[in-house]
Amino acid sequence: MPKPTTPRTATTRWKKLRTRLIHTRPHTCHHCGRTLNPNAKRGEAGAIELDHLEPFSRRPDLAHDPANLVLSCQPCNLTKSGKAYGDPIHAPTHTLPLPTSQDW
Ligand SMILES: [Zn+2]
């Protein structure tokens with residue numbers, strides 16, 4: 001069952017912005033590169049969510065700024081919730097040794 005729409009995303013302004021961004025941007029998740037499905041409903045696999053790079057909780061003034069909005073899959077948007085782009089969630093979880101560090 002889909003989550004109820006929050007008042008912030010129920011406004012005509014938000015819906016028009018969402019529609020415009022979905023129609024003008026590539027249908028891939030900004031964070032993981034997953035292909036998104038513009039026909040999927042909220043909660044379905046591949047559903048498109050709009051993610052605020054600077055979270056709404058920190059920068060409500062950028063809530064409708066297209067430069068602050070990216071297309072995201074739901075798992076990435078939920079994982080990132082409240083974190084700004086560049087916060088630790090996006091840092092590499094491991095590093096590979098350089099090839100030159102091996103003994104030959
Ligand atoms: Zn993603």
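**Figure 1. Accessible surface and overall fold of the chain.** The chain exposes about 7500 Å², of which carbon and sulfur atoms supply 57%; accessible areas come from the Shrake-Rupley method with a 1.4 Å probe, and for residues only the protein chains shown count as cover. The model is predicted: local features need pLDDT of at least 70, side-chain atom pairs count only at pLDDT 80 or more, and totals for chains, interfaces and linings use all residues. Residues are numbered from 1 along each chain as its sequence is written, and side-chain values use heavy atoms, with hydrogens and water left out. Of the 104 residues in the chain, 27% count as buried. Here buried means under 20% relative accessible area, exposed means over 50%, and partly exposed lies in between (1.4 Å probe, protein chains only). Two helices and two strands make up the secondary structure, in the order α-β-β-α along the sequence. Helices (H or I, at least four residues) and strands (E, at least two) are DSSP runs, numbered from the N terminus. Contacts are heavy atoms within 4.5 Å. Among contacts between residues at least 6 apart in sequence, 59% join residues at least 24 apart.

Figure 2. W14 belongs to helix α1 and is buried, its relative accessible area being 5%. Neighbours within four places in sequence set aside, the contacts of W14 are R8, T9, L50, H52, A63, H64 and L69. H64 is 50 residues from W14 along the chain, yet their C-alpha atoms are separated by 7.2 Å.

**Figure 3. R8 and the ring of F56.** R8, one of the residues in contact with W14, lies over the face of F56, at 3.9 Å from the ring centre. A charge is taken to sit over a ring if NZ of Lys or CZ of Arg is within 6 Å of the ring centre and within 35 degrees of the ring normal. The count of aromatic pairs is zero. For such a pair, the rings of Phe, Tyr and Trp (its six-membered ring) must have centres within 6.5 Å; planes under 30 degrees apart count as stacked, over 60 as edge-to-face and the rest as tilted.

**Figure 4. The salt bridge between R59 and D61.** A search of the whole structure finds one salt bridge, defined as a side-chain nitrogen of Lys or Arg within 4 Å of a carboxyl oxygen of Asp or Glu. The side chains of R59 and D61 form this bridge, at 2.7 Å from N to O. R59 is partly exposed, at 34% relative accessibility, whereas D61 is exposed, at 53% relative accessible area. Side chains of opposite charge can pair when their charged atoms come close.

Figure 5. L36 is placed in the loop between α1 (12-24) and β1 (49-52) and is buried, with 4% relative accessibility. Residues up to four places away in sequence not counted, L36 touches H27, T28, C29, G46, A47, I48, L71, S72 and C73. P26 is ten residues from L36 in sequence, and the C-alpha to C-alpha distance is 8.8 Å. R42 also lies in the loop between α1 and β1, but is partly exposed at 45% relative accessible area. The C-alpha atoms of R42 and Q74, 32 residues apart along the chain, stand 8.5 Å from each other.

**Figure 6. Cysteines C73 and C76.** C73, one of the residues touched by L36, is buried, with a relative accessible area of 2%. C76 is likewise buried, at 18%. The count of disulfides is zero, a disulfide being a pair of cysteine sulfur atoms within 2.5 Å.

**Figure 7. A84 in the segment after α2.** A84 is located in the segment after α2 (74-80) and counts as buried, at 5% relative accessibility. A84 and E54 are 30 residues apart in sequence, while their C-alpha atoms are 5.0 Å apart in space.
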